[in-house]
Structures are given as C-alpha cells and as structure tokens.
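The following exercises ask you to read a protein structure step by step.

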Amino acid sequence: FVLGSARQGDWLCSAVADELDAVVVAVDYRLAPTHRIPAAHEDCYEALLWTHEHADALGADPARLGLMG
C-alpha cells in the first residue's frame, strides 16, 4: 500500500480478465505514507461495495466477485 499505481498493474488486470473471461475493476487507492492506514483498505472496500452495486451495468455477476492484490 506504499508504491505503485493502477496504471502499473494494468497488464496484470488485463491478463486476469482475459484468462478468466471476467470483468476486472482496478482500484487506484490512496498510498502511504501520505495517507495513513486504513485509508487504502477503506478505498478498496468501498470499491468492492461499488462494484457489487453496479455489477449488472458492468456485465458482471454480483454473486461472483473476487479480490486480488
């Protein structure tokens, strides 16, 4: 939760989406040390809730969500 960006992980998200034939949502969360814990965790959790709420619009199954990272 200190280094990197959503853009740097784009290749991995694309590979997972292709391999699993899945919708992948990449989260650009707040990084430490500028943002102290639990900022990044809260951002990721909020993204999960948003994804679940908007799954139909994304073409995803809200009952089949997974996390990685």
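**Exercise 1. Determine what share of the contacts between residues at least 6 apart in sequence joins residues at least 24 apart, and describe the chain as a whole.**

Solution. Step 1: a contact means heavy atoms within 4.5 Å. Among contacts between residues at least 6 apart in sequence, 39% join residues at least 24 apart.

Step 1: note the origin of the values. This is a predicted model, in which local features need pLDDT of at least 70 and side-chain atom pairs count only at pLDDT 80 or more, while totals for chains, interfaces and linings use all residues. Residues are numbered from 1 along each chain as its sequence is written, and side-chain values use heavy atoms, with hydrogens and water left out.

Step 2: list the elements. The chain has three helices and zero strands, in the order α-α-α from the N terminus. Helices (H or I, at least four residues) and strands (E, at least two) are DSSP runs, numbered from the N terminus.

Step 3: consider extent and surface. Along the principal axes, the C-alpha atoms fill a box of roughly 35 × 25 × 15 Å. The chain exposes about 5700 Å², of which carbon and sulfur atoms supply 56%; accessible areas come from the Shrake-Rupley method with a 1.4 Å probe, and for residues only the protein chains shown count as cover. Of the 69 residues, 12% are buried. Here buried means under 20% relative accessible area, exposed over 50%, and partly exposed in between (1.4 Å probe, protein chains only).

**Exercise 2. Which residues of helix H2 are buried, and how are they placed around the helix?**

Solution. Step 1: check the length of the helix. The expected span is 1.5 Å times one less than the number of residues. For the 15 residues of H2 this gives 21 Å, and the end C-alpha atoms are 21 Å apart, which agrees.

Step 1: identify the buried residues, which are Ala39, Ala40, Asp43, Ala47 and Thr51. Viewed down the axis of H2, they fall within an arc of 110°, so they line one face of the helix; the arc is that of the directions from the helix axis to the C-beta atoms.

Step 2: An α-helix has 3.6 residues a turn, so residues three or four places apart point the same way.

Step 3: find the cover. Helix H3 (55–58) is included in what covers the buried residues of H2. Thr51 counts as buried, because its relative accessibility is 10%. Apart from neighbours within four places in sequence, Thr51 is in contact with Val25, Leu58 and Leu65.

**Exercise 3. Locate the nonpolar surface patch that includes Trp50.**

Solution. Step 1: apply the rule. Patches are made of residues with over 30% relative accessible area and no salt bridge; like charges are joined within 9 Å, and nonpolar side chains (Val, Leu, Ile, Met, Phe, Trp, Tyr) within 5 Å.

Step 1: name the members. Val23, Val25, Trp50 and Leu58 make a nonpolar patch of about 320 Å².

Step 2: examine Trp50, which is placed in helix H2 (residues 39–53). Trp50 is partly exposed, because its relative accessible area is 42%.

**Exercise 4. How many salt bridges does the whole structure contain, and what do they join?**

Solution. Step 1: a salt bridge is a side-chain nitrogen of Lys or Arg within 4 Å of a carboxyl oxygen of Asp or Glu. The search finds two.

Step 1: take the pair Arg30 and Glu42, whose closest N and O atoms are 3.8 Å apart. Arg30 lies in the loop between helix H1 (10–20) and H2 and Glu42 in helix H2, so the pair ties together parts 12 residues apart in sequence.

Step 2: take the pair Arg30 and Asp43, with the closest N and O atoms 2.9 Å apart. Because Arg30 is in the loop between H1 and H2 and Asp43 in helix H2, this pair ties together parts that are 13 residues apart in sequence.

Step 3: Arg30, Glu42 and Asp43 are linked in a network of salt bridges. Arg30 is partly exposed at 33% relative accessibility, whereas Asp43 is buried at 17%.
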